[in-house]
Amino acid sequence: MALSSREKFLTGVVVGAGGLIGLGIAVPVVGAAFAPPFKKREGDFVKVFHAPDKQDQAPDFATLKPFLMNEVVIGDAPAAAVELPGQSGEVGARALYVSVRNLNADYKKPVLKGNTFPSKDGMPDNFVVEGISNTCMHLGCPVSGGGGGFACPCHGGNYDGLGRRVGGPPVRPLDRYDMLDGKWVAGGEPGTLYAGQLHSVDNDFNRYGLTPPGVPLTGFLAPIYPAKG
Amino acid sequence: MALPTKLFDPTKGRVQPPGAIGPIDGNPLNPVDWIEERTGAGSIVGPLLFRPIPRGVNWFYTLGATALTVFILQSITGVILAMYYVPSPQGAYESIQGINDDPFTSLTRAMHHWGASVMIIVIALHMCRVYFTNSYKYPRELNWVVGMVILLLTLGMGFTGYLLIWDQKAYWATVVGINIGGTAPIVGPLVADFLRGGPDFGSTLARFYAIHMLLIPGGLITFITIHFYLLIRIGIAVPPWVRGKPVATGKARKKATA
């Protein structure tokens, strides 16, 4: 039996209203499931090093040097491992390797303002403090120092002192933290080094948004990962 | 011999008063009669249990029912475990140590732990049986697809449940597993971010708990129901080692059934 025009109209109204109600339920629910990964997190800065007797001065190499020398040596530069507590408790704690690099020799691109410190104590040029994350860029195992740089125990990935891949399955250099002097941080104390936002880099130290391990940023496979950072 | 269609017949020996609209039986003395009068449950359970089975099936044809039994077992033990498990990174491992201390919950946890592996094995063997007896062909193609969905959901249950212990092995297995998924082209990083719940693993445990307890079991119940409905509607396929009537399609079918 064919539907009359009145029945067709009412069917359309009911289906349309039902669709609107369905949208009203689905949009908040699906948004709650998918939105948190996409929310941009404004830099939560973590204090890395504070020189209590040098409150008003920017940290220079002399103040950083004793702090750096007492932990690890990565390559030929002194470095220190700092533990950043994760939100997942002790098991998710991440280490941050702080090392000091010569600006002109190692970096061809400009670095963040606040990252550069005037040279002292035998360093010929301005030096850069960098924070290297210890998440391996193959599948996420924690790397530790080894072989003149970093080495990953899981599948044998090797990195040099700057975190660039020199061997094994990783696809890109180790992620970096923004290392800033306190006076460049909102609410930060001068004379204190802060670790800021974690971001990914490629081999020329171009900055990308945080990308999962295993996703290449350059090279012929990079175009099939369009939605990175 | 006619197969019984109901469990029993409550109308046997019944006297119908004249003018009665439906079957009138006064007060039955036993509870089964009482429920049968009001629900007609016998006419539902009968066709489920007294289905015609083709001649020549062997013990491998029981694997499907085994998978259903293991699923029910996992559901029940999972519900019991959920009463004692604390799904937060700070309390998860200690709550499991508490579960291990009590003899009853420890046994329940062991059943759930080994039942997970048994479920995967039984489902894989069931899939092999369906494949090697050609039981995926017409008219059972959709049932095969639904079975594949159930397989994927079961693997998802294993993956999400594995993290809930929150020890080193579970945590790093999940880190690596999610990052492997993140290397898939185009959608990989999005799926990895959805599973991880953000750029770090702080909210992964709560997410996996919700997926393991609610999302995937809901999907599993839905698809197992569809799987069962299709199975009962179409029937069990004749095994290939038994000579049965060949199934014809199209014009040949019209000619054969004319």
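1. A:Asp160 counts as buried at 19% relative accessibility, where buried means under 20% relative accessible area, exposed means over 50% and partly exposed lies in between, computed with a 1.4 Å probe on protein chains only. Its salt-bridge partner is A:Arg164, with the closest N and O atoms 3.3 Å apart, a salt bridge being a side-chain nitrogen of Lys or Arg within 4 Å of a carboxyl oxygen of Asp or Glu. A:Arg164, for its part, counts as partly exposed, at 26% relative accessibility.

2. On provenance, this is a predicted model, in which local features need pLDDT of at least 70 and side-chain atom pairs count only at pLDDT 80 or more, while totals for chains, interfaces and linings use all residues. Residues are numbered from 1 along each chain as its sequence is written, chains are lettered from A and ligands numbered from 1 in the order in which they are written, and side-chain values use heavy atoms, with hydrogens and water left out.

3. Over all chains the structure holds 3 salt bridges. One of them, in chain A, joins A:Asp175 to A:Arg172, the closest N and O atoms being 3.4 Å apart, and both A:Asp175 and A:Arg172 are buried. Another, in chain B, links B:Asp193 with B:Arg196, where the closest N and O atoms are 3.0 Å apart.

4. The chain B pair deserves a point of its own. B:Asp193 and B:Arg196 are 3 residues apart in helix H8 of chain B, so about one helical turn separates them; helices (H or I, at least four residues) and strands (E, at least two) are DSSP runs numbered from the N terminus. In general, an α-helix has 3.6 residues a turn, so residues three or four places apart point the same way. B:Asp193 is buried with a relative accessible area of 16%, and B:Arg196 is buried as well, with a relative accessible area of 4%.

5. Of the 9 residues of H8(B), 7 are buried, so the helix is largely enclosed by the rest of the structure; among the buried residues are B:Gly188, B:Pro189, B:Phe194 and B:Leu195. H8(B) is followed by B:Gly197, whose phi is positive, near 75°.

6. B:Ile178, found in helix H7 of chain B, is buried with a relative accessible area of 2%. Between B:Ile178 and B:Asp193 there are 15 residues in sequence and 8.6 Å in space, C-alpha to C-alpha. When its neighbours within four places in sequence are left aside, B:Ile178 is in contact (heavy atoms within 4.5 Å) with residues including B:Ala192, B:Leu195 and B:Arg196, and also with B:Phe159, B:Phe201, B:Thr204 and B:Phe208.

7. As to the interface, 26 residues of chain B are in contact with 24 residues of chain A. Chain B and chain A bury about 2200 Å² between them, 67% of it on carbon and sulfur atoms, buried area being the accessible area (1.4 Å probe) that two parts lose on being put together, summed over both.

8. A:His138 lies in the loop between strand S6 (127–133) and strand S7 (144–146) of chain A, and is buried with a relative accessible area of 18%. A polar contact of 3.1 Å joins its side chain to that of A:His155. Beyond its neighbours within four places in sequence, the contacts of A:His138 include A:Tyr159, A:Pro169 and A:Pro213.

9. In chain A, 4 strands form an open sheet in the order S7-S8-S9-S10 with antiparallel pairing, two strands being paired if DSSP finds at least two bridges between them. S7 and strand S10 (165–167) stand at the edges with a single partner strand each, so one side of each is left without a neighbour in the sheet. Strand S8 (residues 149–151) and strand S9 (residues 158–159) pair in the antiparallel sense over 2 bridges, and A:Phe150 stands opposite A:Tyr159 in S9(A).

Methods. Polar contact = N/O pair within 3.5 Å; in protein donor to acceptor, adjacent residues only side chain to side chain.
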